[in-house]
Amino acid sequence: MSDPVSALHHATNSEGLVSICEIGPVGMITLRGDLSAKPFQKAAIAAGGVNIPNQGRCLMELDRGIAWMSPDELLILCRYDDVAGKLGDLNGKLAKHHALAVNVSDARAVFELRGARVREVMAKLAPVDLHPEVFTPGMFRRTRLGQVAAAFWMPEEDVVRLICFRSSAQYVFDLLGVASQKGSEVDLF
Amino acid sequence: MLIVSCPCCGVTAEETEFHAHGEAHITRHTVGSSDDDMETYLFMRKNPKGVHFERWRHQYGCGKWFLMARDTVTLEVFGTYPAQTTEPPADLLELIDAKRPGWREGA
Amino acid sequence: MSTRLATGGRLLNKSNALSFRFNGTEMRGYEGDTLASALLANDQMLVGRSFKYHRPRGVVAAGPEEPNGLVNLGRGDRFEPNARVTTTELFEDLYAESQNHWPSLEFDVGAINKYLSRFLPAGFYYKMFIHPRPLWKHVYEPFIRHSAGLGKAPKERDGDTYEHVHAFCDVLVIGGGVAGLEAARAAALTGARVIVMEQYAHWGGRTPVDRGEIDGAPAQDWIDATLTELAGMENVTLRTRTMGAGVYDHGYVLGYERLTDHAPDLDGPRHRLWRVRARHIITATGALERPLSFAGNDIPGVMLAAAMRDYVVNWGVSVGDRTVVVTNNDDAYLTAIALKHAGLDVPAILDARVLPQDSELMAQAKALGIRVLMGHAISSVKGVKRVTGVAVCSQAGAGAVLEEIACDAVAMSGGWSPVVHLWSHCGGKLRWDTGNACFSPHPDHPPLGADGAQFVTTAGAASGMFQLDDVLNDAFAAADGVTRTLGLKLPRAVAAPKGERREEAPMAPVWLMPQGASVKLREKAWLDYQNDVKVSDVRLAAQEGFVSVEHAKRYTTLGMATDQGKLSNINGLAVLAGALNEDIPAVGTTTFRPPYHPISMGAIAGEARDAVFQPVRRTPLHDWHDANGAQWEPVGQWRRPYAYKREGESTRDAVMREVTNTRQKLGLLDASTLGKIIVKGPDAGKFLDMLYTNMMSTLKPGKCRYGLMCNDNGFLIDDGVVARIDDDTWLCHTTTGGAERIHAHMEEWLQTEWWDWQVYVANVTEQYAQIAVVGPNARKALERLGGVDVSKEALGFMEWAEGTLGGYAVRIYRISFSGELSYEIAVDASHGQALWDTLLAVGADLGAAPYGTEALHILRAEKGFIMIGDETDGTVIPQDLGLHWALSKKKDDYLGKRAQERSHMADPDRWKLVGLETVDGSTLPDGAYAVGEGKNENGQRNMIGRVTSSYHSPTLDKGIAMGLVLHGPDRMGEVLDFPGTDGKTYQAKIVDPVFYDKEGTKQDV
């Protein structure tokens, strides 16, 4: 088997207001089921290595975690190479329950934005209130970025991680580049 | 452009995250139904000037369908509620009664 | 003449002199000038020609309400027509040309229209050019088009960039005059998140020009202190050069920020569109002065009184040496006084009012030695390209001239109208304020937001308050009230500052000057300068029955120019009311629509241009395709290779080669875009039986089945191969364009109809790169890779297997959309390119070559396979396509089943799918219609069918097509006529749609 190749081969752009970097491949498992059921929770916690996050939030450690996607869906994040094992575990633990676990690692691209102006770069593209008192680390927001779907969170202040579909990775990379172009400071936050 | 609150994920966001899908609480007719019932099911839609119950999807968010009661003239939103129901919740109807007395005659 | 004064000009930085060009002439100005003030400083009073009569026109105003001063600004990729001189800040090397004249601004041929003005009244075009009808298209329209239009359209791509920003706040204050600043200050003190937008580059609005004290000191001191206070507050965002352009539903506001218009050399976007969501909006948008309607009120040199004092105070520019002031209110006296203070001559103030005693300002003017004539008016203005004098009459009469006064400028004031646009955009109603003769916001009928409560509040002059103390109190009260509704509270001891109060005599409404003006005078009394609408036009419209204000507007074009009637609307509807003998409020206003002032198309588009104009979706193999001659075809947002062109080949050559190579050797197709949806759960089989017309629950694990999907209207919406993965898991393939749509369709039924069914679906389309390996050599190639057994026995037609192929973890589907031996291999997208490279390498000597979507289409058409979007168009049902075999008779129900029994669906006259073969081997035009006997009720030939797909088949070396034809399957062998758009008629024979390998032996080897 070849080495996995991420959507943009770790493309970077540090010309503008923030640095933009494609950081795949990241392991991702879509897990659907009854979020309140004990066996489901146990399986998810085992796979993600963190607790089940509340609505609209994510719990992330270095290279693993869980994001709340919808009332019946979680996104497990892990190392790319760990996906097969975790999928096997999940399918085993949930075999007797109505649940769905699928690998979506290759279907996505992940970007990391760094810099003091990450909030305003995001505010140019997403219809989301990014005020520091409103959007805080720990929140996980699925929304629109320009004209495509995306989800993002802030692992810490001045850092944004963003997930989009693999097919729109180039669009998102270009879009972020435009939004962080020199001279486009907003001084909004 | 409206602001919509998704009852499924708790996000309040502008309309561009959502998609409207027409009238809510339509009864599906199928095999065994009369032609008239099929016509009603497939084609007959209310077009009220005022209170309207409609289907929406949080397209760029959690992806869930939900229902919304809205005034088509003032665009006031009376409330949103989950799609897994055949009629609006009683408390929402009461709220609309209070805000739009007599609306049911026109509905 | 107009000139730069030695002193004054509070907005100028005289240490930075700038040069610029207007109509080729080099001129000088200063930093802080607008193009208008700089032009006036260079004695360039004449700035343009009017739209209809090409009359010479000068600057009338000093702000966005300016109707005349429109120029072609900039050059090349920075060219922009209709730029307003009053809102264009001067910069070094600015380049402007006047517009709407030929051959020159000074001498214009079109000005002859003014001699015809008696023959060009309201509705002239409607009346004149209707007969004779045939002349419209070839004579009248080209002529009118030639003479119409203001600026030139840009020829080059816009060289600038633009962007949007989404902002949120508790209180958005629009307008940075004293009212806006006070409202912002008070709101911010409650802790609210506040954004303040000011359209100009400077704060404070009119107050520094109009003077007056706040808290006992000059207003400028208070403005400076308040700005400092606001700038120091974390919760406040201040923005100059940012106009509140429109107020929309639920607190949505568009702000238009001009970042580099004043300094084109700066980096970054030119304009930024602010997409603001505010919990409440305070519009402190001030008021606009109204012109007076008298004969010759459009001659260059006639200007709004307040604008004239702006030019003197803000920019140190005198519009004329001798200025006659004409007014119906006290405010214009400020202009006379300001001019006097600047050392300029004011021979007279003509005041239309008759007052029992002098007001404070009147006394001041008289004390300066200005002659004040009460009850007087202008009968007409003298001059052509420049004012030379005024003929004075009494306002009460019909215009008999009492005396003539020589002057080179006229300052007029017809009173003030609050800027109610933003209040009105989203439904705020107005009421008539008799005292100020203006429409002001009706506090009982505000715009209502998402919760049904008021979400816009006006402050200051926008509320109809014109005294400084009223303005400040109103702004404070607005902020206090608004923040209370948001659950916020002002700290104790915070109060409004004390504004100075000036005793003023009441204004008197004057809609026509003199009130009994003769027809001859009315024909020279302009209401709308930009669109050349006069008092006489509005009266004519009323006379001809256009009694609704909206009708009169469109008939006369009053207020329809780029200034949207900021100066003309109130005067126009007052004239209309007069002509109809109605009260002004009964006539009402036309609708105020956003934007308040034109904004650039670039700002609306924002970042969406060039590479990111719209998303382009790329497969994991995109870069390889690009490097290997792919001619791209957009399929939805995807780009797919149409064909791979080789050196010396035409695109058609490439397509033919690809088809032949795939039929004879080995073709590789990037099928990654096909939708892949996992459906899992105890009720998944039942669910799929409802979604597909055929039976999916009985499919055995390891097997594949082709399925059709209809909506509940019965129409075909998608097709594809379904593979059963295990007992409760299916994988559904959809069309390229169908992945998201069908995924949403599934979720919709699960969430809104069968929510008690236990099924989960997941769209895994992009998880996999999918490669179709097609052709007689396909098996040989895969066997070389080793791993999964791909023999006929181990992996039969319509089966799938999972395993390792050449070291890659794959799922292999033995399905065929070409009629050849075919395997579709799904591999994780991150390994897609590597597998593709491996397949090409291993198949090199077997003839492995990629093929594109056009070859794919031909291959499937040769086999008579339908394509969603070609053979279907949203009105086609499976029965039309002869797909009865895919309609389960065992199932009680599936989506579309009942609808397909409706009488129209069961009609034997529905057009049915057939194959079409041209008589001469040529290719039928795609989409061509077959014509039958007779004509329909519109005299058109009856149509009996149409072509849905048409190609040249290299395999059969002839044109093949599919089409829907009336009673088609019953008419085999019949030849139909298909008229093409090229004038030829194509003849085609009706045949079976399967042109190649009818028995299907090749795919099942």
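Predicted model: local features only at pLDDT ≥ 70, side-chain atom pairs only at ≥ 80, totals over all residues.
**Strand pairing and chain contacts**

In chain B, strand β4 (residues 51–57) is mostly covered, with five of its seven residues buried.

Two strands of chain B pair with β4(B). Strand β3 (residues 19–23) of chain B runs antiparallel to β4(B) and is joined to β4(B) by three bridges. Within this pairing, Ala20(B) has Trp56(B) of β4(B) as its bridge partner. Strand β5 (residues 65–71) of chain B is likewise antiparallel to β4(B), and seven bridges connect β5(B) and β4(B). Here Phe53(B) stands opposite Ala69(B), a residue of β5(B). In a regular strand, side chains alternate between the two faces of the sheet.

Chain C contains an open sheet of five strands, arranged in the order β3-β2-β8-β6-β7, with mixed pairing. From one strand to the next, the twist averages 40°. Inside the sheet, strand β2 (residues 13–22) of chain C and strand β8 (residues 94–98) of chain C run parallel and are joined by three bridges. Phe20(C) has Leu94(C) in β8(C) as its bridge partner.

Chain C is in contact with both chain A and chain B. The contact with chain A involves 41 residues from chain A and 40 residues from chain C. On the side of chain A that touches chain C, at least two residues each are supplied by β3 (26–32), β7 (100–103), α3 (118–125) and α4 (169–179) of chain A. The largest share, six residues, belongs to α4(A). Sorted by class, this side of chain A comprises 20 nonpolar, 14 polar and seven charged residues.

In the contact between chains B and C, 22 residues of chain B meet 23 residues of chain C. Helix α1 (residues 35–42) of chain B gives the most to the side of chain B that touches chain C, contributing three residues. That side of chain B is made up of 10 nonpolar, five polar and seven charged residues.

Key:
Residues numbered from 1 in each chain as written. Chains lettered and ligands numbered in written order. Contact = placed C-beta atoms within 7 Å. Helix = DSSP H or I, 4+ residues; strand = E, 2+ residues; numbered from the N terminus. Nonpolar A, V, L, I, M, F, W, Y, C, P; charged D, E, K, R; others polar. Buried ≥ 20, exposed ≤ 12 C-beta atoms within 10 Å, placed from the backbone. Pairing = 2+ DSSP bridges. Axes fitted to C-alpha atoms, helices over the stretch in contact; angles between N-to-C directions.
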